[in-house]
Amino acid sequence: TGGQVSAAMAGSLLEAQGGWLQSVTRSWQTGKLSNFDYLIYLNLAAGRSFNDLTQWPVMPWVLSDYTSASLDLLNPNSYRDLSK
């Protein structure tokens, strides 16, 4: 469709321009980019898309508490240990 580019194509186009992923990574490392936004960029670079359920972006499971009636997001024990 006119003017619309698939995520896979956009990822290829962005990759062809060179250096964009390193720039995005630096922005994330210095706190200028949120974790969510960084993961979206990584998924774009991998050619994943919101338009195709078989290519849906990958996001890590970060919560560990699925049993409490109320989830305390300030409690560190509510999150998985991702340091491994």
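From the N terminus on, the elements of the protein run α-α-α. This is a predicted model, in which local features need pLDDT of at least 70, side-chain atom pairs count only at pLDDT 80 or more, and totals for chains, interfaces and linings use all residues. Residues are numbered from 1 along each chain as its sequence is written, and side-chain values use heavy atoms, with hydrogens and water left out.

Reader: How many helices and strands does the protein have?
Author: Helices (H or I, at least four residues) and strands (E, at least two) are DSSP runs, numbered from the N terminus. On that basis the count for the protein is three helices and zero strands.

Reader: What percentage of the 84 residues of the protein count as buried?
Author: Buried means under 20% relative accessible area, exposed over 50%, and partly exposed in between (1.4 Å probe, protein chains only). Of the 84 residues, the share that counts as buried is 17%.

Reader: Is Ser78 buried or exposed?
Author: Ser78 lies in the segment after H3. Contact means heavy atoms within 4.5 Å, and Ser78 touches Val62, Leu63, Ser64, Asp65, Leu71 and Asp72, not counting residues up to four places away in sequence. Because its relative accessible area is 2%, Ser78 is classed as buried.

Reader: How far apart in space are Ser68 and Ser78, C-alpha to C-alpha?
Author: Ser68 also belongs to the segment after H3, and counts as partly exposed because its relative accessibility is 40%. Ser68 and Ser78 are ten residues apart in sequence, and their C-alpha to C-alpha separation in space is 9.6 Å.

Reader: What accessible area do Val62, Leu71, Leu73, Tyr79 and Leu82 have together?
Author: Accessible areas come from the Shrake-Rupley method with a 1.4 Å probe; for residues, only the protein chains shown count as cover. Leu71 is partly exposed, with a relative accessible area of 35%. These five residues form a nonpolar patch on the surface, and their accessible area together is about 420 Å².

Reader: Which element gives the most to the lining of the largest pocket?
Author: On a 1 Å grid over the protein atoms alone, a pocket is an open set of points where a 1.4 Å probe fits, with protein on both sides within 12 Å along at least five of seven lines; lining residues have an atom within 4 Å of a point. The lining of the largest pocket consists of Trp28, Asn35, Phe36, Tyr38, Leu39, Met59, Pro60 and Val62. With four residues, the element that gives the most is H3.

Definitions and conventions:
Patch = residues over 30% accessible without salt bridge, like charges linked within 9 Å, V, L, I, M, F, W, Y side chains within 5 Å. Salt bridge = Lys/Arg side-chain N within 4 Å of Asp/Glu carboxyl O.
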